[in-house]
Amino acid sequence: MKINMMTTLNLTTFNPNSFILVGIPGLEQFHIWIGIPFCTIYFVALAGNGILLYLIAMDRSLHEPMYFFLSMLASTDLILCNTCVPKMLGIFWLKARKITFSGCLTQLFFLHFSFFLDSAILLGMAFDRYLAICSPLRYSSVLTPRTMVKISLGIVGRSFSIIFPVVFLVRRLPFCRTRIIPHTYCEHIAVARLSCASISINIWYGFTMPLMAIMSDLILIGISYTLILRAVFHLPSRDARQKALSTCGSHVSVILIFYTSALFSALTHRFGHSISLAFHIMFANLYVAIPPALNPIIYGVKTKQIRDKVVLLLFPKGNSDLGMRA
């Protein structure tokens, strides 16, 4: 009987039924109001990325490598915001703070998986711009449909291989302390810190592997844009230089938004002990909501082909009238 009780205790210790997500500690009385802007941003992200995917899928003139990468970015942004924001709003408005252990692991996986997908896709887009500007004659022969499929499989495979071990690193931990997570979603280190065992492996893997992957992506993106800028400033025509720079403007804006917010959130979570927990959690929430909402807007405003298609989609009657008058 004693052995059975110990076995049951060990099983419940290693496999908790659920966790409790607090939300934003210290700001619980403002959760209802905080949820309103996040809900608005969420619907903007859904609408913007949905329209982008629809246009790229339906318009044959957008079936090019650049827009293929853009569709991957939009899909990843939808994964990111749908992984975290609905649960966040449930905590803010419905006090639905409980999340199952398997649900927490699933959320943790897709949160970090989408982060590495975004980084690898941005690297692919930098390579696309490098070929388009520095080697335009080789562009169509290098980025063939078959090559694009291989690149996309490589992007997904790399992201999966980096993050999948994290699930096992968390699953092996014994959870015999509090199961209250001071956050709005399940993040790797935030969950691991609830364990009553050593989490040194989690800390080192959770820091070194992302750092190596992200730094390698940033270095390669930096090299790509150094070569791009060198090629642009050697163009004979001022108009050609402006056109080349404008095609890269949206991509650079997205890169800055993504890496600045992601790296700040990751570094403050591990080293920013002097930063208030409420500020960190709020910023982490903005990271999963703002980039997915801004990315389609940036590409819609700065990319003429997409801007024209969006206007035609939203105002078909006005465009036909203008065409008849012309």
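**Entry 1: a cysteine to start with**

I began with Cys 134, which at 25% relative accessibility counts as partly exposed. I use buried for under 20% relative accessible area, exposed for over 50%, and partly exposed for what lies in between, with a 1.4 Å probe and protein chains only. By contrast, Cys 39 counts as buried at 14% relative accessibility.

I note that this is a predicted model, in which local features need pLDDT of at least 70, side-chain atom pairs count only at pLDDT 80 or more, and totals for chains, interfaces and linings use all residues. Residues are numbered from 1 along each chain as its sequence is written, and side-chain values use heavy atoms, with hydrogens and water left out.

**Entry 2: disulfides**

How many disulfides does a search of the whole structure find? I found two, taking a disulfide to be a pair of cysteine sulfur atoms within 2.5 Å. In general, such a link is a covalent bond between the sulfur atoms of two cysteines.

I looked up the pair Cys 104 and Cys 186, whose S to S distance is 2.0 Å. Cys 104 lies in helix α4 (residues 101-134) and Cys 186 in the loop between β3 (180-181) and α7 (188-192), so the bond ties together parts 82 residues apart in sequence. Helices (H or I, at least four residues) and strands (E, at least two) are DSSP runs, numbered from the N terminus. The torsion about this S-S bond is about -120°, so I recorded the disulfide as left-handed. Cys 104 is buried at 2% relative accessible area, and Cys 186 is buried at 0%.

I then turned to Cys 176 and Cys 196, with sulfur atoms 1.8 Å apart. Cys 176 is in the loop between α6 (145-171) and β3, and Cys 196 is in the loop between α7 and α8 (200-232); this pair links distant parts of the chain, 20 residues apart. Here the S-S torsion is about 135°, so the disulfide is right-handed. Cys 176 is partly exposed at 44% relative accessibility, as is Cys 196 with a relative accessible area of 31%.

Counting bonded cysteines along the chain, I wrote down the pattern 1-3, 2-4.
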